[in-house]
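Me: I would like to go through this model before setting up any calculations. Could we discuss its overall build and then its local details?

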Amino acid sequence: MDNKPVMLIVDDVEINRVVLTQFFQEEYSILEAENGQEAMTIIEGQPVSIVLVDLVMPVMDGFQLLAMMKKNDQYAGIPVVVMTANNDGDSEARAMEMGASDFITKPYNPTIVRCRIRNVMAREEIEWRRVAQVAQNRQLMEMHQRIELDALTGIYNREAFYRRAADMLQGHAKIPYSIVYLDISCFKVINDLFRIETGNLILKTAGFYFSMFVGDTGISARIEADHFVLCVPTDSLDMDKLIAGLDSTIQSLGISHHIHFYAGVYPVDNAFLPVDQMCDRAHMALNRIKGQYMTRYAYYDKGMRDQMIEEQMIVRNMEFALNEGQFGIMLQPMYNLRSKEIISAEALVRWNHPKRQMSPGKFIPIFESNGFIVRLDRFVWEAACRNLRRQIDAGLEVVPISVNVSRLNFYNSDFMDYLLALVKKYDIEPRMLKLEITESAYMDNPHQLIAMVRAFRGHGFPVLMDDFGSGYSSLSMLKDLPVDVLKIDMAFVREVGRSSRAGAIMESIVELGGRLHMDVVVEGVETQEQVDFLDRIGCHDIQGYYFAKPLDEESFMGLIERKQKGE
């Protein structure tokens, strides 16, 4: 019996179907169709694992087939990969927005085509397992989840909003609507400052206000925590009035703290777009201005759409990039001001994409969001260990290397075993590999992080607190978190020449580090003025462009060889 998954190839050009069949006939049972109508008949008649569809066909084109599949719950989960002509970016973007899993371009490159199909199926497998697990966990709560109203606020919950908003938008196609996504700035701080009952009172009051604001012409919901969403006719939406009324209502509670809602607005331009994607776009607009004082709301625009497309491109290519060796490390030295010696270096990941610039500021947040950062971290750790081994083999006095540790690593049960196996594999001492953690890891799970830091140090790994001072709880954590080194956030360094307060805070941190027997490193040092200030307050370990930019491995090895030879 043939247990292969079924691939349906839809293209009116026979040679294209033949070529793709050759690529996949060993892994899949292949079915063929000449247009979307034939393909739909096949899909309705038997199980299909994945569909490859050309966008331009007679009778029924690829866009129409994709729309029919995604509109039907029975077929919406089947991954669809569209086939386009080279440089047809508009069609690719439109297909992705309609729910396509990926696209491949003609003429076909066998390696890229196979890789993309494997990635699509791998993502579908992960999603299927996740959905199966969620379904299992929710069996006992099935009756409760049928209730449409949020238990705390009395307005709709997430699932009910998605259903009812879709019905409203599609049932009144001639009426322009907008999705408004709102949340409270620093709501966690409010819960920390006041009782949980106070936080709940704020949420219930906001829910009541939103329900009154939308009236009978719109709907409101609490998505999660302090996140709310509205669907209202665009013509009746006055954002200034909405924000002002909300502020006034919350202020009437008499809470001695400024409570600010921020909002993102997505004017709906496609009523058949999934509502969760509409909410994502409104949320994307909100994130552009959240935390600002003067600007309280923003509208979704094409630039944000382009950003979404770019993020999708990054996700599509990350596996291929890692397998093809596109990632590498740069090493930025840390110097001692007094001795002018290199005391350490930080390993910084770089994506050497063959066609475009890939800034870490773009891809790292995405990888932290989707979990790929764990694999990328391990790649960097191993690259750092190889360099340490190379230093030893060259007969050099070893310059330790610090590596960043994303907070997601702390949820892996084999984390410590992996690190110990890595230093054993390269026969290096744990003290040579320094681990940099951030405050966000502490905020997620302080007890777990404290235990892990103690375990790191117990096995001989030095631990650094990176970007110290960037969070509101920095000082309170020092009494519990036994790190070896504080790395002061570069924002303080930039303000040294303009703000006496920034200088005073930095001087106090340096003094505090000394009393707690912690070394202090300042990053982002670029000017002589900053160097003179740090020397004056007794902070002698620095990292920044003043001494050295990040170096490739060959340049770094050459630098430490010259330094140790006294050249």
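This is a predicted model: local features need pLDDT of at least 70, side-chain atom pairs count only at pLDDT 80 or more; totals for chains, interfaces and linings use all residues.

Me: What does the C-alpha trace span along its principal axes?
Reply: The C-alpha trace of the protein chain spans about 75 × 70 × 45 Å.

Me: And what share of the residues is buried?
Reply: Of the 567 residues in the protein chain, 48% are buried. The accessible surface comes to about 28600 Å², and carbon and sulfur atoms account for 50% of that area.

Me: How many of the contacts join residues at least 24 apart?
Reply: The share is 67%, counted among contacts between residues at least 6 apart in sequence.

Me: On to the sheets. Which strands form the closed barrel?
Reply: Eight strands form the closed barrel, in the order 11-12-13-14-15-16-17-18, and their pairing is mixed. On average, neighbouring strands of this sheet are turned by 30° against each other, with direction ignored.

Me: How do strand 11 and strand 18 run, parallel or antiparallel?
Reply: Strand 11 (residues 327-336) and strand 18 (residues 541-543) run antiparallel and are joined by three bridges. For M334, the bridge partner in strand 18 is Q543.

Me: Which helix packs on the sheet, touching strand 11 and strand 12?
Reply: That is helix 22 (residues 553-565), whose direction makes about 25° with that of strand 11. Helix 14 (residues 373-393) lies across strand 11, strand 12 (342-351), strand 13 (401-404) and strand 14 (433-437). The angle between helix 14 and strand 13 is about 175°.

Me: Where is V525, and is it buried or exposed?
Reply: V525 is in the loop between strand 17 and helix 21 (528-536). With a relative accessible area of 0%, V525 is buried.

Me: What does V525 touch?
Reply: Leaving aside residues up to four places away in sequence, V525 touches V493, Q530, V531, L534, I542, Q543, G544, Y545 and Y546. One of these, Q543, is also the bridge partner of M334. The C-alpha atoms of V525 and Y545 are separated by 6.3 Å, while the two residues are 20 residues apart along the chain.

Me: Changing topic: how do helix 4 and helix 12 cross?
Reply: The axes of helix 4 (residues 89-97) and helix 12 (residues 302-323) come within 11 Å and cross at roughly 85°. Helix 4 is therefore roughly perpendicular to helix 12.

Me: Which residues meet there?
Reply: A93, M96 and E97 in helix 4 meet R305, M308, I309, Q312 and R316 in helix 12. The residues of this contact divide into four nonpolar, one polar and three charged.

Me: Now the backbone. Which peptide bond is cis?
Reply: The bond from K106 to P107 is cis, with omega near -5°. P107 is in the loop between strand 5 (102-106) and helix 5 (110-137). Most peptide bonds are trans.

Me: What about phi at V59 and H517?
Reply: V59 is not a glycine, yet its phi is positive, about 70°. H517, also not a glycine, has a positive phi of about 60°. Most residues other than glycine have a negative phi.

Me: Where are V59 and H517 located, and are they buried or exposed?
Reply: V59 is in the loop between strand 3 (50-54) and helix 3 (62-71). V59 is exposed, at 62% relative accessible area. H517 is in the loop between helix 20 (500-515) and strand 17 (519-523), and H517 is exposed at 74% relative accessibility.

Terms used. Residues are numbered from 1 along each chain as its sequence is written. Side-chain values use heavy atoms; hydrogens and water are left out. Helices (H or I, at least four residues) and strands (E, at least two) are DSSP runs, numbered from the N terminus. Buried means under 20% relative accessible area, exposed over 50%, partly exposed in between (1.4 Å probe, protein chains only). Axes are lines fitted to C-alpha atoms, for helices over the stretch in contact, and angles run from 0 to 180 degrees between N-to-C directions. Angles under 35 degrees count as roughly parallel, over 145 as roughly antiparallel, 65 to 115 as roughly perpendicular and the rest as oblique. Contact means heavy atoms within 4.5 Å. Ala, Val, Leu, Ile, Met, Phe, Trp, Tyr, Cys and Pro count as nonpolar, Asp, Glu, Lys and Arg as charged, and the others, Gly among them, as polar. Accessible areas come from the Shrake-Rupley method with a 1.4 Å probe; for residues, only the protein chains shown count as cover. Two strands pair if DSSP finds at least two bridges between them.
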